[in-house]
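I opened this model to look up a pocket, a nonpolar core and the confidence values, and I note the entries in that order.

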Amino acid sequence: MAPLYDIAVVGYGPTGLTAASLLGRLGHRVVVCERWPGLYGLPRLTHIDDETARTVQAAGDIDEALRDSSMCQYVWVNGKGENLVNIPANPEGPMGYPDHLSMYQPDVESAIDRRLRGYGTVDVCQGWAVTGLDQDEDGVDLRLRGWNADAVCADGPHDSVRARYVIAADGSRSGIRELLGVERQDFGFNEQWVNVDAEWLCPQPQEFAYGTQYCDPARGHMTINIGATRQRFEFALLPGETREEMTIPETAWRLLREYHDLGPEDVRIIRQLVYGFEARIATRWRTGRVFLAGDAAHTMPPYLGQGACSGLRDATNLAWKLHLVLRGLAPGTLLNTYESERRPHVTAITHAAIGLGKVANTHDTEAAAARDAAFFAGKVPPPPPFPPLSGGVLRKEAGTPVGTLTPQGRIRLPDGRTGRLDDLTGYGFTLVTAEDPADALGPERLARLKRLGCVVVALDTVEDLDGRHQEYLQLLGAVAYLARPDFVLFGTAVDRTDLAALVDDLDAALSGTVGAAV
């Protein structure tokens, strides 16, 4: 009989890596099923935000992951090089990182892979494709077959694994989604661009040290730094251009010379392929004990740099909920809040990315001129801020930013240890209070928080080195706030009495009873 795992993760890209690491960190038996024999080793994503960096911090060695990274300003210009939009990079984002980072994906993946292999609870089965699944009321059986990388097919030996739950993070062409018969809603955005990644053979010129989107109706193109030593160049395919001709080296060199005056003396090409930019969302993200995550659940155009970020949000949202259910600390119905929380959020971001994609892919010269005039006249509003979570495991509070993200600063504990908040508190719930809450909560509520893995940070005994958490309490007009493991604000307390009610409402939210927005 196949061994029983708590969770099987299918796919070992950023979403699967993160989910497996977080669940392994929480002590669960995890098996990863990945058809390719090793990590991809080349950059696909190039941008993360500070929230995603904080998630990587929870899943791996963040300093290793970001060793070749840099802040990333993003400028949008028209075909004449005139500025349309400037998205600056804030070096001090609320999560403790710059709010826009260019990074080298293999470093991120290696850092998480190395961390999770050290837990002793995660088995990584690379070179195995999932060819079938069956589920019952207790778990899911996955049928596996050895993957032939040369023939690109599953024709090797047979095997199987069984897990109580499955996270399908196997990409936009998800085999698990196909096995489940889940359709996707197509939002009608379909563009093809050729991607050329390169390493600098000379110091990176300053004009390439940030991202630039060229909204040229003759041919849209883009460049973005991958840290300080690598660069991504992208070019829209024009009518009549084929995938085959756009993936030969001569084409890349022609485009690099024509648009950026670069040649083999300047850069070395390390990757060249055609991407199809699309916007599709699965019609359901859960089928019994199987959950879709990352590109298997949703894809979006890259113009906000939020595709991978959204996948990591899926991973951290799902990981802590699976943990509570598997430990018997919450009912299985808690898992229904995964899709109800994540779908509206990712749908809003997808529509914003589509809007920017239409700006970048305006091919008609008259329409482009009208677009430029609207930007110059200030008639184009900036992209809307990311929406907060509006339902699920949240306290019902009026006038507070429940469902938004909580900050991370540096703290010093009474024993002298100093570091980022999450490094000292772990991956779990965090209750930040102005003063020791023991008297206000009493032993029974404190014991409940401990069972949930909630760490209490009392700012009268813990030094808030950056002042970030004290400032946040003042902004909230609260004596305490309770953050979920995915950094989302569950609720606040305005006084000692409300602090006790806040803990009670967390219990209610997790159990699906009254007292919170479930």
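I sorted the lining of the second largest pocket by residue class and found twelve nonpolar, two polar and no charged residues (Ala, Val, Leu, Ile, Met, Phe, Trp, Tyr, Cys and Pro count as nonpolar, Asp, Glu, Lys and Arg as charged, and the others, Gly among them, as polar). A pocket here is an open set of points on a 1 Å grid over the protein atoms alone, where a 1.4 Å probe fits, with protein on both sides within 12 Å along at least five of seven lines, and lining residues have an atom within 4 Å of a point.

I read its volume as about 240 Å³, the space filled by probe spheres set on the points, which are joined across faces, edges and corners. Of its 14 lining residues, the closest to the centre are Leu356, Val380, Pro381, Pro382 and Pro383. Strand 6 (83–87) and helix 9 (337–360) are the elements that give two or more residues to this lining, and helix 9 gives the largest share, four residues. Helices (H or I, at least four residues) and strands (E, at least two) are DSSP runs, numbered from the N terminus.

I then looked up Leu431, which touches, among others, Leu441, Val456, Tyr481 and Leu502, not counting residues up to four places away in sequence (contact: heavy atoms within 4.5 Å).

On confidence, I noted that the chain averages a pLDDT of 95, with 98% of the residues at 70 or above (pLDDT is the predictor's confidence in each residue, from 0 to 100). Over residues 514–518 the pLDDT is below 50, although this stretch has 19 contacts in the model beyond near neighbours in sequence. Where pLDDT is low, the predicted coordinates should not be read in detail.

For the record, this is a predicted model, in which local features need pLDDT of at least 70, side-chain atom pairs count only at pLDDT 80 or more, and totals for chains, interfaces and linings use all residues. Residues are numbered from 1 along each chain as its sequence is written, and side-chain values use heavy atoms, with hydrogens and water left out.
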